[in-house]
Amino acid sequence: MNKKAIKRAEEIIASQTVKNGTFNGEYCSLVLLDHEGYPTASVLTAAKSDGIKQIWFGTGAESNKYKRAKDNSKASVHYGTGEHSITLVGEIEILTDEATKKAIWYDGLAEHFPAGATDPNYVILQFTTKRYMLFVDWEETEGVI
């Protein structure tokens with residue numbers, strides 16, 4: 001385990017996550033398996049993160065992301081530029097409790113969910129990392145959590 005690379009990856013993820021309820025224009029890719037078992041990537045905003053351990057996303061209960069997560073919990077999250085590549089592999093869980101929905105809510109979601117954090121179509125996808133592959137500061141490392 002390369003603690004320096006993990007710390008740097010956590011900093012990168014934090015910099016690309018919603019801050020103080022405000023969308024910062026950053027995205028990552030969430031890869032889920034479709035109904036035929038093929039990986040399908042979606043670009044979206046991370047609403048909250050806990051280092052490389054967990055990442056939360058807000059989405060709609062009618063979205064393809066929701067449907068794929070409901071059918072198969074295996075997932076991957078990727079953050080990448082020419083300078084870094086952070087790949088996290090793990091499991092996705094759908095959360096619908098009001099407390100979590102309010103905790104993950106940020107203003108940019110209002111465009112999609114006019115009723116706010118209590119909108120019945122608004123759900124949370126909670127990603128939990130099982131293993132990681134990092135390329136940061138020109139170093140590669142991988143491991144399990």
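I worked from a predicted model, where local features need pLDDT of at least 70, side-chain atom pairs count only at pLDDT 80 or more, and totals for chains, interfaces and linings use all residues. Residues are numbered from 1 along each chain as its sequence is written, and side-chain values use heavy atoms, with hydrogens and water left out.

**Aromatic rings**

I looked up the aromatic pairs and found three. Rings of Phe, Tyr and Trp (its six-membered ring) pair if their centres lie within 6.5 Å; planes under 30 degrees apart are stacked, over 60 edge-to-face, the rest tilted. Trp 105 and Tyr 122 are edge-to-face, at 5.2 Å centre to centre and 90° between the planes. Phe 135 and Trp 138 also form an edge-to-face pair, at 5.4 Å and 85°. I noted one aromatic cluster, made of Trp 105, Phe 113 and Tyr 122.

I then checked accessibility (buried is under 20% relative accessible area, exposed over 50%, partly exposed in between; 1.4 Å probe, protein chains only). Tyr 122 is buried at 0%, Phe 135 is partly exposed at 23%, and Trp 138 is exposed at 66%.

**Salt bridges**

I found four salt bridges (a side-chain nitrogen of Lys or Arg within 4 Å of a carboxyl oxygen of Asp or Glu). Arg 8 bridges to Glu 11, with the closest N and O atoms 3.6 Å apart, and to Asp 137, at 3.5 Å. I recorded Lys 7, Arg 8, Glu 11 and Asp 137 as linked in a network of salt bridges. Lys 102 bridges to Glu 98 at 3.1 Å.
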